[in-house]
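Q: Could you walk me through this one? I am new to it and would like to begin with one local feature before the wider picture.

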Amino acid sequence: MNIKPIVFVKSMRKNIGISIYLGLFAFNMIYAKQTVSYYQSKGALIAGYDPVAYIKQNKAIKGQKDFEYKYDGTVIYFSSKANQQAFIDNPEAYLPQYKGWCAYAMADNGDLVEIDPETFKVIDGKVYLFYKGWLGNTLKKWNKQDDSSQIEQANQHWQQKHKP
């Protein structure tokens, strides 16, 4: 067999380069954090519920299309002009934790689970939303344990899996 050494070495370098590239790509795909969008249903954040009302009125109130605001590529509806303006002035004060995904699932294993907008809890001025459906009510499960340890666990999962 007559293999030219220079051609063989060039071919090996090319194959090693491709292998390294594919290996790094696969590593990045496996271990990279997910870029997470806000929880949206029915075309809006929190299925169209007013995020400010959770804090100001301690109620889940549907927003109105008349009071629409787009934040970070997400449509948000408010129940009043005053709530819309409060959000515009300080969005971080009213955005739900974990971008609106289920707080219980985030604490449990870091999964992104849909929520029921009427199943929520305000803790230290922050809104936590929960799943409620045919698999049960995760707010009831959450309430069986203390808030602080679950928030700590949820924050760790959020940082590890989802926050860029």
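Predicted model: local features only at pLDDT ≥ 70, side-chain atom pairs only at ≥ 80, totals over all residues.

Q: How many bridges join strand 5 to strand 6, and which way do they run?

A: Five bridges join strand 5, residues 116-123, to strand 6, and the two run antiparallel.

Q: Which residues in strand 6 are the bridge partners of Ile 123 and Phe 120?

A: Ile 123 has Lys 126 as its bridge partner in strand 6, while Phe 120 is partnered there by Leu 129.

Q: And is strand 6 mostly covered or mostly open?

A: Strand 6, which spans residues 126-130, is mostly covered, with four of its five residues buried.

Q: Switching topic, how many salt bridges does the structure hold?

A: The structure holds one salt bridge, in which the side chains of Lys 121 and Asp 147 meet at 3.1 Å, N to O. This pair links distant parts of the chain, since Lys 121 belongs to strand 5 and Asp 147 to helix 6, 26 residues apart.

Q: Why does Lys 121 count as partly exposed?

A: Lys 121 counts as partly exposed because its relative accessibility is 22%, and buried would require under 20%.

Q: What about the largest nonpolar core: which residues touch the most other members?

A: That core has 36 residues, and Phe 87, Tyr 98 and Trp 142 are the ones that touch the most other members. Helix 4, residues 103-108, supplies the largest share of the core, five residues.

Q: What is Tyr 98 in contact with, leaving aside its neighbours within four places in sequence?

A: Leaving those neighbours aside, Tyr 98 is in contact with Ala 103, Met 106, Tyr 128, Ile 151, Ala 154, Asn 155 and Trp 158.

Q: Where does His 162 lie, and is it buried or exposed?

A: His 162 lies in the segment after helix 6, which covers 147-161, and it counts as buried because its relative accessibility is 3%. The side chain of His 162 also reaches the backbone oxygen of Gly 110, at 2.6 Å.

Q: Where is Ser 37 found, and what does it touch beyond four places in sequence?

A: Ser 37 is found in the loop between helix 1 (5-31) and strand 1 (40-41), and, not counting residues up to four places away in sequence, it touches Lys 99 and Trp 101. Ser 37 and Gly 100 are 63 residues apart in sequence, yet their C-alpha atoms are 9.2 Å apart in space. With a relative accessibility of 48%, Ser 37 counts as partly exposed.

Q: Stepping back, how many helices and strands are there in the protein chain?

A: The protein chain has six helices and eight strands, and from the N terminus on its elements run α-β-β-α-β-β-α-α-β-β-β-β-α-α. Of its 164 residues, 38% count as buried. Among contacts between residues at least 6 apart in sequence, 56% join residues at least 24 apart.

Q: And what is the average pLDDT of the protein chain?

A: The protein chain averages a pLDDT of 84, and 77% of the residues score at least 70. Residues 7-34 call for care, as pLDDT stays under 50 over them, and the model has ten contacts for them beyond four places in sequence.

Technical notes: Residues numbered from 1 in each chain as written. Heavy atoms only, no water. Core = buried A, V, L, I, M, F, W, Y, C linked by side-chain atoms within 4.5 Å. Buried < 20%, exposed > 50% of the residue type's maximum accessible area, 1.4 Å probe, protein only. Contact = heavy atoms within 4.5 Å. Pairing = 2+ DSSP bridges. Polar contact = N/O pair within 3.5 Å; in protein donor to acceptor, adjacent residues only side chain to side chain. pLDDT = per-residue confidence, 0-100. Salt bridge = Lys/Arg side-chain N within 4 Å of Asp/Glu carboxyl O.
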